[in-house]
Amino acid sequence: NVKNTIKMLLAMNMLIFIACNSGFSGKYKGEGPMGLSTIAIEFKSNGKAQITGGAMGMTSITEVDFKKEGDQVKLIIGDQNQIFTIDNEGCLNGMGAKLCKVKE
């Protein structure tokens, strides 16, 4: 019956939404030499990440999509993917950088 079909479709959409929304969020800031400390990534609950970086007094901000899969976070930058691995401390490791969550 139509009513049961609609209920099933709504339930499936809710499960897909829950699966896609990993709940991963927060601001991570770079640590280390050679200006890595100027890099920050803020993960938002809507699947978007805002990357902020600066060098020589200039700052650039880029918004990209991201997905969390297990202990990895994948930034989707155009047709390129950058993968960070979450370590035992909860920090992100990738691109030769270590970014740790900013305490709020």
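**From the hairpin to the aromatic cluster**

Mentor: Start with the hairpin that β7 and β8 form, with two residues between them. In that turn, M95 has a positive phi of about 55°. Strands here are DSSP runs (E, at least two residues), and helices (H or I, at least four residues) are likewise DSSP runs, all numbered from the N terminus. This is a predicted model, in which local features need pLDDT of at least 70 and side-chain atom pairs pLDDT 80 or more, while totals for chains, interfaces and linings use all residues. Numbering runs from 1 along each chain as its sequence is written, and side-chain values use heavy atoms, without hydrogens and water.

β7 covers residues 92–94 and runs antiparallel to β8, with three bridges joining them. Two strands pair if DSSP finds at least two bridges between them. G94 has A97 in β8 as its bridge partner. β8 also pairs with β1, again antiparallel, over four bridges. There, E31 stands opposite K98.

The largest nonpolar core has 13 residues, and F43, L75 and L92 touch the most other members. Such a core joins buried Ala, Val, Leu, Ile, Met, Phe, Trp, Tyr and Cys residues through side-chain atoms within 4.5 Å. β2 (40–43), β4 (58–69), β5 (72–77) and β8 (97–101) each give two or more residues to this core. Set aside the neighbours of L75 within four places in sequence, and its contacts (heavy atoms within 4.5 Å) include I41, F43, V64, F66 and F84.

F43 leads on to the rings. The whole structure holds five aromatic pairs (ring centres within 6.5 Å; planes under 30 degrees apart are stacked, over 60 edge-to-face, the rest tilted; for Trp, the six-membered ring counts). Y28 and F43 make an edge-to-face pair, 5.7 Å centre to centre with 80° between the planes. Y28 lies in β1 (residues 26–31) and F43 in β2, so this pair ties together parts 15 residues apart in sequence.

Y28 is buried, at a relative accessible area of 5%. F43 is buried too, at 2%. Buried means under 20%, exposed over 50%, and partly exposed in between (1.4 Å probe, protein chains only).

F43 has another ring partner, F66: centres 4.9 Å apart and planes at 75°, so this pair is edge-to-face. It links distant parts of the chain, F43 in β2 and F66 in β4, 23 residues apart. F66 is buried, with a relative accessible area of 8%. Together, F24, Y28, F43 and F66 form one aromatic cluster.
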